[in-house]
Amino acid sequence: MPTGRPREFDTERALELATSLFWQKGYEGTSLSDLTETLGITRPSLYAAFGNKEALFRLVLQRYEAKAGAYRTKALKAPMALEVARQLLEGAAELHGDKANPVGCLGVHGALACSDEAAMIRRDMSAHRIAGEAAIRRRLTRAKAEGDLPPNASPSDLARYLSVVIYGMAVQSVGGASHAELRRVAAIALSQWPKSAR
């Protein structure tokens with residue numbers, strides 16, 4: 001007896017659901033059962049479509065960075081250092097203050113509570129955060145060379161400062177900080193930004 005054609009698997013929808021799940025529960029807190037139940041597929045289908053859980057998480061992280069983290073890429077293209085800082089801080093406040101999103105940050109949730117079995121994910125997440133801070137540092141180094149930051153400004157310290165505030169906002173959102181509260185954090189951080197000589 002001929003069987004019907006199987007329903008086409010919606011990879012993009014599955015990645016969207018997996019992103020939300022990993023964002024809420026973190027890498028370690030998301031079980032294979034969580035994934036198969038949320039995505040509505042069997043384990044063999046999940047393995048066939050994405051490989052193992054680790055491979056799926058890496059795909060999810062790429063998707064998260066391309067969408068939720070898009071404000072960072074845009075901010076680094078701003079013409080002035082102050083505008084770079086403003087877009088980074090206000091972008092973080094928008095992302096983490098949006099109640100339509102899970103609270104916190106996928107990168108933070110994905111890495112902070114990892115067992116020895118997930119050490120590779122923890123290392124990858126750490127490298128990912130370091131790379132993000134390095135990108136900010138490079139942009140601010142260029143700004144300093146262009147006279148857009150005062151001579152005594154440290155691009156390394158400023159990049160670390162921005163990263164700490166951005167990730168701090170993610171942690172604050174887990175504790176219930178509102179969009180308005182996060183925007184006030186961004187405003188205070190911006191008020192401390194060094195004035196250029198221009």
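A salt bridge here is a side-chain nitrogen of Lys or Arg within 4 Å of a carboxyl oxygen of Asp or Glu. R86 and E83 meet that definition, with their closest N and O atoms 3.4 Å apart. The model is predicted, and it holds 12 salt bridges.

Start with that pair. R86 and E83 lie 3 residues apart in helix α6, so about one helical turn separates them. R86 is partly exposed, at 29% relative accessible area. E83 is partly exposed too, at 28%.

Other bridges reach across the chain. The side chains of R63 and E12 meet at 2.9 Å, N to O. R63 sits in helix α4 and E12 in helix α1, 51 residues apart, so this pair links distant parts of the chain. R63 is buried because its relative accessible area, 14%, is under the 20% limit. E12 is partly exposed at 40%. R160 and E133 form another salt bridge, at 3.7 Å from N to O. It joins helix α9, which holds R160, to helix α8, which holds E133, across 27 residues. E133 counts as buried at 17% relative accessibility, while R160 is partly exposed at 42%. Shared partners also tie E12, R13, E16, R63 and K67 into one network of salt bridges.

Now turn to the nonpolar interior. In soluble globular proteins, nonpolar side chains tend to be buried together. The largest nonpolar core has 54 residues, and L56 and L89 touch the most other members. Leaving out residues up to four places away in sequence, L56 touches L15, A18, F22, L35, L46 and F50. T30 lies in the loop between α1 and α2. It counts as buried because its relative accessibility is 0%.

Of its 23 lining residues, E65, G69, R72, H128 and G132 are closest to the centre. Helices α4, α5, α6, α8 and α9 each give two or more residues to this lining. α8 gives the most, with 6. By class, the lining has 14 nonpolar, 6 polar and 3 charged residues.

The second largest pocket has a volume of about 170 Å³.

Terms used. Residues are numbered from 1 along each chain as its sequence is written. This is a predicted model: local features need pLDDT of at least 70, side-chain atom pairs count only at pLDDT 80 or more; totals for chains, interfaces and linings use all residues. Side-chain values use heavy atoms; hydrogens and water are left out. A nonpolar core is a set of buried Ala, Val, Leu, Ile, Met, Phe, Trp, Tyr and Cys residues joined through side-chain atoms within 4.5 Å. Buried means under 20% relative accessible area, exposed over 50%, partly exposed in between (1.4 Å probe, protein chains only). Contact means heavy atoms within 4.5 Å. On a 1 Å grid over the protein atoms alone, a cavity is a set of points where a 1.4 Å probe fits but cannot get out, and a pocket is an open set with protein on both sides within 12 Å along at least five of seven lines; lining residues have an atom within 4 Å of a point. Helices (H or I, at least four residues) and strands (E, at least two) are DSSP runs, numbered from the N terminus. Ala, Val, Leu, Ile, Met, Phe, Trp, Tyr, Cys and Pro count as nonpolar, Asp, Glu, Lys and Arg as charged, and the others, Gly among them, as polar. Grid points are joined across faces, edges and corners, and a volume is the space filled by probe spheres set on the points.
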